[in-house]
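Good morning, and thank you for coming. Please have the display in view as I speak.

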Amino acid sequence: MASGPKVVIIGAGIVGVGIADELTERGWSDVTVVDQGPLWAAGGSTSHAPGLVFQANGSRTMTAFATYTVDKYTAMELDGQWCFRQVGSLEVARTPERLADLQRRQGWLTSWGVDARVVDVDEVLRLSPLLARDQVLGALHVPTDGLAKALRAVELMGRRSAERGAVFRGDTRVTGIRTDDGRVRAVITDAGDLPADIVVSAAGLWGPVIGAMVGQPIPLLPLAHQYARVGPVPALAAIAASADLENERPILRDQDRDLYFREHGDRMGVGTYAHDPLVVDPFALPLPAPGRPPASLPFTPEDFAASWEAAQELMPALRGAPLEHAFNGVFSFTPDGFPLMGESREVKGFWVAEAVWVTHSAGVAQAMAEWLVEGQARLDVHEADLHRFERHQVQPAFVEARGRQNYIEVYDIIHPLQPMEHPRPLRTSPFYARQQALGAAFLEGAGWERPHWYSANAGLLERYDIPGRGAWASRFWSPIAGAEARATRDGVALYDLTPLTRIEVTGPRATSFLQRLTTNDIDRPIGTVVYTLLLDERGGIRSDLTIARLGEQQYQIGANGPLDLDWLLRHARPDGSVHIRDITAGTCVVGVWGPKARDLVSRLTSTDLSNQAFRYFRARELVLAHLPVTALRVSYVGELGWELYATADVGLALWDALINAGQDLGVIAAGRSAFASLRLEKGYRLAGTDMTTDDDPWEAGLGWVVKMDKGDFVGRGALEGRSDATVRRRLMPLVIEDVESVVMGKEPVRIDGQPVGTVTSAAMGYTIGKPIAYAWVPPPTGVGQRVTIDCFGDRVSATVCAEPLFDARGERLRG
Ligand SMILES: Cc1cc2nc3c(=O)[nH]c(=O)nc-3n(C[C@H](O)[C@H](O)[C@H](O)COP(=O)(O)OP(=O)(O)OC[C@H]3O[C@@H](n4cnc5c(N)ncnc54)[C@H](O)[C@@H]3O)c2cc1C
């Protein structure tokens, strides 16, 4: 007797079969996996993957996915044959810059709990003797990395899923999906219909084709990628004797030349990303046919020539080896490099797990099964959520532009602040022309042009002495940012907050809806502003919101992005009792902050802005210089002032009015770099960076926004019994001793040399005169504890401090 809902999985690649394995393990047995190709080598990307698994990733979640893949496949054998060999990996450096970056990658791995070290040339050559000594400066060695035998893993997981009740149907093509009343009902195939309560599209590079069947955009770009097997290589012959091992020495990456390598007995496999991106239209690919797997395209030797030369330079033993088997294999790239996971909002029961490498396949499959069976993944998966994109980011032209660029940059050293270069500009605030005139240094985020500092403020450097910083932290930075931060605390500054997501919630049940979704009591008098959290059912932090009550059933929400909008829309009943509208695009916001903010704003309005008349965390409609504005007395930088919201049409006039009125007060425009510093001095958290669904409110230091006595809300049940006393870790500020040692985030934190935590956000605290790093540390780590932070292989000394680090009593905010 089958149990669980009727699940149809489209795709019998490593992802689809992995999901079947994880679902049936959890007791769901009514699972059918359908593939247009033959089982178990169905002709998709999995059929061609050489299976190198490197766990290093700047994302904790992606590394966790990979680590689970390593553990799971290592424990699997198909008829006595291995599915994963932990031969270790080497990422070699040919340049000093790369060598330094390998230290940074080693830091990530330490943060995420994976053993790794940077080794010198002697050690590199001991581990991989075919490398040319004069080409290599050192390498990152990860002993638990290795080689996945993807098709063996597929067959083993397929067989055992079938034993648990799953049905596998090869050579069966999906041609449509039947929906009814906003739900999936059946998968239509060329061999008949398959009724379904849940459809999981694990169609890999064909994701857009399956998505189109239900109108769900799937923002991935299939690209052809070259892989060649060369040999025989006499120097590898010894290994060929024990052919089943295939690969004896560590798998290898030469990122400076966009190359990777693995052994196939006495042959060497060479993969390259050095060629121009070769875009493939998934709608135009042929159907699988014997000897013609659709994800393997003819080899284009002209694209391989330079890589082959570089490969022989790195490994002279390859010289003269013939190209034995070479092809252009196809797989998927997304606009940000993360997979696509989750359920369609419009078509209930339609799920997606695509753009997943073999490396992350088991981890993604596990998270998908948890999400389906238990209602959510145990790990924070927001980076991979299908709904994380802005509207422009799912348009085909954008997906192609970013997919191409991500292919080119796949092995590049990317600075955390490095913006995309193309297509730009996409989204600009109404203040854009004025910002350009002030010499704004624009970086990009979510498509928005965001000033990080303004060259017009260079003169402030005569007033403020701003310390320098190391080479890495100096990129995308100017000392002017420090001067802007100091000038904000001394005078008044305008911050363009337009790129922050704004959502309007109205309708007869708006209040009860928001009460139910958030932790704080938002049913407060009209004109009140409330800071609150969105939790998941397990009590983890999805996001934080600033909610202004502007009418009886009218709320304006300051949110963190598309995932917040998605969460609200998913929870709203479709009965019209709540209306949710993303108003970001049609509106703008300027933060006017600093001790002289009241002097400035008062000049433009007859409304009484005194502390008694307009208190902290209150909202009012104002007329400023003839312009209707909604003013919120809040500040993300910890100073007196207002966020001024207006429709986009009057934005420029509002900006000009503020600048003109504030000339004698020394008003400046200030950028995000200053903003980041001021926020950390005050300890304001950034959801998604400082805290995620892995953290509860007390761990994040936000227990004070949880009102357990207000009635039920999402996550409340899970919070019963939790408090400051039950935390597993704490988010705390570290103050770094050396003023020039500015870290950037994700670095490991150590006590007595042992890794204990990870930096989330970091910035120079210009007012306190020291660099700040917020970090997760375990209890009982207390104030005064001395720690070190790994920074490019160095250990930087820091001290755990009480927060906030500036204006602890909040007098400046309430002044
Ligand atoms: C040359 C090459 C080298 C690679 N190297 C590595 C590596 O070293 N390490 C690594 O981690 N990753 C590597 N990858 C990437 C990796 O192979 C893929 O990301 C991964 O295999 C994708 O698995 P999947 O199950 O999502 O997709 P696929 O294996 O493509 O499976 C999708 C399945 O869906 C089926 N399907 C599609 N449309 C339909 C339909 N209409 N009806 C029925 N069935 C349908 C297809 O037939 C296919 O079998 C490489 C890929 C290539 C091509």
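Predicted model: local features only at pLDDT ≥ 70, side-chain atom pairs only at ≥ 80, totals over all residues.

I begin with helix α2 (residues 60-74) and helix α9 (residues 358-374), whose axes come within 6 Å and cross at roughly 95 degrees. Because of that angle, α2 is roughly perpendicular to α9. On the α2 side the contact is made by M62, F65, A66, Y68, T69, K72 and Y73, and on the α9 side by V358, T359, H360, S361, A362, G363, V364, Q366 and A367. By class, this contact of α2 with α9 has nine nonpolar, six polar and one charged residues.

Residues are numbered from 1 along each chain as its sequence is written, and side-chain values use heavy atoms, with hydrogens and water left out.

As for terms, helices (H or I, at least four residues) and strands (E, at least two) are DSSP runs, numbered from the N terminus. Axes are lines fitted to C-alpha atoms, for helices over the stretch in contact, with angles from 0 to 180 degrees between N-to-C directions. Angles under 35 degrees count as roughly parallel, over 145 as roughly antiparallel, 65 to 115 as roughly perpendicular and the rest as oblique. Contact means heavy atoms within 4.5 Å. Ala, Val, Leu, Ile, Met, Phe, Trp, Tyr, Cys and Pro count as nonpolar, Asp, Glu, Lys and Arg as charged, and the others, Gly among them, as polar.

A second pair is helix α13 (residues 479-490) and helix α18 (residues 672-682), whose axes come within 8 Å and cross at roughly 55 degrees. That angle makes α13 oblique to α18. The residues of this contact of α13 with α18 divide into four nonpolar, three polar and four charged.

Let me turn to the ligand. Which residues come nearest? Of the 33 residues around the ligand (a heavy atom within 4 Å), these are D35, S45, T46, V356 and T359. An N or O atom in the side chain of T359 is 2.6 Å from an oxygen atom of the ligand. A polar backbone atom of L52 lies 2.8 Å from a ligand nitrogen atom.

Finally, the backbone. A cis peptide bond joins G231 and P232, with omega about 10 degrees, and P232 is in the loop between β16 (221-230) and α7 (237-240).

How values were computed:
Polar contact = N/O pair within 3.5 Å; in protein donor to acceptor, adjacent residues only side chain to side chain.
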